Structures are given as structure tokens and as C-alpha cells.
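Please look at the sequence and the model first, and then read on.

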Amino acid sequence: MTEIAYEDYDDGFADFFEEIKLNPQYDVELIEKAYNLAEDAHRNQRRRSGEPYIMHPVAVAKILTKLGMDNECIIGALLHDVVEDTEYDLDYIRKEFGDEVALLVDGVTKLGQIPLSTREEVQAENIRKMFIAMNEDVRVIIIKLCDRLHNMRTLEHMPEYKQREKSLETLEIYAPIAHRLGIRAIKEELEDLAIYYLDPIAYKEIEKNLSMKKEQGEGFLKDITQQIDERISPIMSNIQITSRVKSVHGIFRKVYIKGKNFEQIFDIYAVRIIVDSLIDCYNALGIVHDMFRPLPGRFKDYISTPKPNMYQSLHTTVLSKTGIPFEIQIRTWEMHRTAEFGIAAHWKYKLGKGGKDEIDNSLEWINKMIEAGNNTETPEELVTTIKGDLSIDEVYVFTPRGDVKSLPKGATVIDFAYAIHSAVGNKMIGAKVDGKIVNLDYKVKTGQIVEILTSNQQGKGPSRDWLSIVTTGEARSKIRSWFKKERRDENIVEGKSIVEHEFKRNYIRLESDDYIKFVEKIAERQHFASLDDFYAAVGYGGIQISRLMPGIKDEYNRNWKPKESLNTAVLPNNANSVRREVKSTNGIVVEGIDNCLIKIARCCSPIPGEPIIGFINRGTGLTIHRRDCVNVPLNISVSPEPDRWVRAYWDSNVQIEARSTLDVYAIDRDGVLLDIASKLANAHVKIHSINARPISDGNCLTTMTITVNSKEHLNSIEKILRKIEGVYHIERSGEK
């Protein structure tokens, strides 16, 4: 196939330019100047599809025009890749197009550098930059959303792994941001495109179900809209009645995430009624409830209680005469603009006309994101916080005074207290929901009235247990801030205890001086000024030492582990002189007593090939430990009972099997347990037991006991497991 010449492509700008000439809000000369600069800067650059690169910024500008964004935004879109990819710098952009355009281009350039799917430390700082850029000018993220939308529309040209990576970013970060900004059209298309690449089988199944209902649905919706129009038109003027089928992602969430059957989804079909005034909304509601039977508990009034993204509408689900459920949405024309374009609609109609305060209130969540991000210590925690706080599933809860607070679904009364104010959360001693006392882990629901009970008692404050109860990053960061400020000495003691426990659990043992130096190195690597600051951070929950352990263990094994030969343990001389070598029947050679019962220690489960040592139990025989087991003294000669430790090693001439227990940490996803079991079966590994359970932050832990015949065999099994998608850490554990 012959590649099309660069000049033979139509980049779409000519038609776009003719369209914007008709709109007086645009400076067409400046926009044409921006296009000419971008076209020159990107000349001979191509996208993966082979198309000229200039087609991308033009497409982004077109999407922004449909949202009704302003002149600077359109110019910023045309130039958004110029600074990053070409010889033109930001100072040149500022000189030619002004400070406002330069700010937008600079902000979008920084966003392009965010590696949202990585787990590296730089990620935390980059994500903070994203929210800071949004806080300075929200148009930055609107341009980026349109940029992502066009990239998703052309994702078929990317490698498969990139398709999945970009789709996951889109679903977890960009679509929720579009939702928060109220830009429904972009949100739904981003979600549908992401599901298309992440789960193509489910996508096709939903499409198939929808196509099977299409003919029936089109006829049904046409009939319903006609019935409603005949009743409402004689009473109200300037109305519009439209219908739609629920988005693929909306059905995906309910079928594959919430476990519902396709037939249990009541809002597959929806009718939208747009009217002139507020009073017309409620009159129309009365008419449709008179025409169709409303389903109990399915009415929502988002007009009197708007969503945080400024969305307003009446929602009700009713049954048709033939028993088919469908949703009806009723709103005014202004509400409709906001519902479709969110903050982008308000940019055109309200900015500079008394609407700035309303826009600022709708963007309050960005400040909360920045505050929560500043109180996280690890990239993983920051990403988890953002994903949780950007959750599209929300609940709307009332204070006793009637104020509304929006929280992610699953939020507790503690989250609600901190959403009111940090002082309320810190003084909280209990809560009432609809007048009844509830537990602190009670999960609030939409429409409930929550009263927080507080105490001014000196020294009263949050409990550390609350960190495992709350779900919002805002609450978690405020609790940590309180402990960080008010309980430093207590945090240091708690942190030392946690570090010592984790080191012991992971067989990290050092003498006193080396121990301090080792921990100081860890603290320095985590950018703490002192050891006490590090311990305090661990104590109040700012650092989760368990997440750092893979790197800590690697550092210990490479640079700090004692050089003592593990096969030649330091034993007292008198022990060496009186014991003779005795070969056992299970492949272990010991210096000990004839006819001695030998058993394998369950605390460390040694396997053939690993350095071992024996311990004589009074009356019960000999127990074999790994030489680096936490229960084995580092220096036998100065241990309390040195004579009870004996040399032992594996007999290389005897082939034996041993059991070993592994803990496999992975990102929680459907099929991870099946993948692990299949890989082990394919490798002919005998599984004695296997158990998986979810743990915090969207991860899961799979514990399995398997049969191995050597250390090398175990290493090869671990290597196989590490290749499974989502597996990020494997460690040995003792049999329980």
C-alpha cells in the first residue's frame, strides 16, 4: 500500500475555519495565525496512523468549539503540542499570543508528561502539578480532556499494551475528571472507548444486547415521546422531547461491576423533556406521573439539590402501559446546557456576569485534591486517594441545617464529619443518622440527615483506627495531619515498633550500630531530615513501611547482610568436638545423635539448597530452620543455649520434596487467581492449598502452599508467577 503524500491530506482546518468565522466571539485572524504556526512547527511530523500531526491539534480545537470554549482555549488547543515537540518555546508563544495562551499551553505541556500508569516516585509530583494547573486555570484540563478524547478515537493505531494502558488511565482519571466538571458528552464517550479496549468481549456482548432491543426500543421510545408530547405541548411552549439508550459503559458498570442482569437495568431507555422555566419542570413531572406509574424510590430531585458539578434535573423512573421501565429527565434549557457541557457552558454564559462565584464553588474539589495530595507520602497512596475521591458513584447527604455534602459512595460518617470541617472531625465522638445513633463505620446514603456529635474535652482527638475506616483522601489527610502535629512523641515510639516488627517479619537483623545506620539510609532515601521524622511518619501513617519492604530487602541483601557463611554457622568448639555426622532419612545431614526425630520448622519452611541449621528440642527431637530464620540467633556462640544448635545441611545425593508457602501480591482483577493456578498447573507444580483475598487499595493477596525440590525450583516458580499481569511482589511465608 502506497503511503499518501503529506500535502494530499485534508487536515480539516479549512472547513473548521469557515465555521468559526460565523461566530463573533472568535478572533479569526489570531486563530488562523495560531494554525499557521502549528502547521509550520509540525510540518512533516506524522502520527502513528501516517496522517500529518497537524490533524490532531485541529481535531482538538474542533471538539472545544462544540463545547463553546473561548478564543484563548481554541488557540491553546492548536498550539498545545508546539512547545513540547518543536523548536518554538514558551517565550515565543507568549510574545505572539499573550500571557493567557502561554499559561494554557504551558499547563497542557506539563500534563502531557504525567505517567499516570507508572508507580515511580516522580508520579506523585506530576499529579500534584496537574491539579495545581487545574486550580490556576481549569481550561488547561478541558483542553487535555479533548486531547485525550481525540487520542482515544484514534487508539486503534497504537500497540495493544498501549491501548490498555491509555484506556485504564482514561477510565480511572480522565473520565472521572470530566464527570466532576460536568462535561457529560466527553465523559460518556471516554468511558465507552476505554471499555472497548479494556474488555472487548463485554463491549460486544452489550452491543449485541442493545442491537437485539434496538428495533423494539426505537418503536417504544417513539411511541412514548409522542404520548408525552401530546399531553404537554398544549400546556407549555418551547419544549423539546428527545430519547436515548444508556451508554455502553453505564450498562457495563451495572452488569459486570454491580452484578445485575440486563433485564434489571431500569434506565436502558430514557426520555428527556426540556422546558422553559423551573415551574414548568415540576408541572411536567406531575403530568408524566399521571400518565405512567412511577417506581418507588426511583425519584431524584437534582434541581433543589444540584450535584457538585452544577448538574440540575428531575429524574424519575416509570412503567409504561406495557410494563417496560424507562427513565424520564426533566430540565430547563439552561440546565440542559450545563448538563451537556458542565463548566464549559458556564464559561461562555456566566463568566464575568456574576457567575464566577458559582464556578469557583464547583471547583472547590480541586483544592481538596491538592490538600489531600500534599498529605500523602507515596505515589501509590496518592493515586489511590485520587481514584477514590474522583469516584463517579456519589452520595448526597444533608447536615441538620440542610446543607448538602457530596461524598464518594461507601463514605462513612467520619468522612462526612471531615467534609464539614477538620475541627468537626477531630472533635467527633459519635454520629446520628436520621436521629439514630450509629457506629463510626456506618456508610452514609443519599438523602440521609447526619448529625456529628463532638466533644471539647482536652486531649480528645481522632483514633488511629479511623485511618482504616475512612474512604476519602480528604478525611485521611486531615487525620494524619492531626497526629503529625499533636502526637509526635507517640508517633516516634509507634513508628519504631512498626519498623522493628516489619524487619523481624522479613528476616532483617543487624547489630545496634548497623541497624541505626541502615534505617537512617532508608529515611534519607525517603527525603526525611532525621530518623525521628521518619519514625514519626511511619507512626502517624504517612509512610507504610510494608510498601517499602521489597526495596529495603534488596538493599539489605546486597549491602548489609552479614557475610558469615550460612553453611558454617558459628558454633561453640565443644559442640564440634563431641558430635559426629549422622545422615537422616529425609535428605538432611546433621552433627547429632543417632535415631533422632527430625522435623522441618514451620516458621521458615526451609527447602533443599538453602542454608540450614538444627535445634535440639528437649524430648521432641531436632527442628531444622533456615539459617536466616528470624528465630535463629545471628551469632550462635553468644546465644543463650549455644549447645542446642547443631550444624546441618542438605544431602546433595538425595532427591527430596518439601513444602513452601508463598504470598503473592497483585492488583485485584477478575481472573488473577485462575491465572496463578493455571501457570502453576502448566509448570507441573503440586498445589496443596491456595487462597486469595482482597487487601487494601485495590490489591489482593494470594497465599499458596506448593511442593518444591530445591531452591532453584522455587526461584523458577517465582519467575513464572512474576510474569502474570498485575503481580508486583512475592515473598516466602511460614506454613500456618
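E39 is buried, at a relative accessible area of 15%, while R43 is partly exposed, at 43%; here buried means under 20% relative accessible area, exposed over 50%, and partly exposed in between, with a 1.4 Å probe and protein chains only. The model is a predicted one, in which local features need pLDDT of at least 70 and side-chain atom pairs count only at pLDDT 80 or more, whereas totals for chains, interfaces and linings use all residues. Residues are numbered from 1 along each chain as its sequence is written, and side-chain values use heavy atoms, leaving out hydrogens and water.

Across the whole structure, a search finds 19 salt bridges. One of them joins E96 to K33, with the closest N and O atoms 2.7 Å apart. E96 lies in helix 6 (residues 90-97) and K33 in helix 2 (residues 28-41), so this pair ties together parts that are 63 residues apart in sequence; helices are DSSP runs of H or I with at least four residues, numbered from the N terminus. E96 counts as partly exposed at 22% relative accessibility, and K33 is likewise partly exposed, at 34%.

Another salt bridge pairs R139 with D70, the closest N and O atoms being 2.7 Å apart. This pair links distant parts of the chain, 69 residues apart, with R139 in helix 9 (residues 139-153) and D70 in the loop between helix 3 (55-66) and helix 4 (71-78). R139 is buried, with a relative accessible area of 3%, and D70 is buried too, at 13%. D70 and R139 also belong, together with E100, to a network of salt bridges.

Technical notes: A salt bridge is a side-chain nitrogen of Lys or Arg within 4 Å of a carboxyl oxygen of Asp or Glu. Helices (H or I, at least four residues) and strands (E, at least two) are DSSP runs, numbered from the N terminus.
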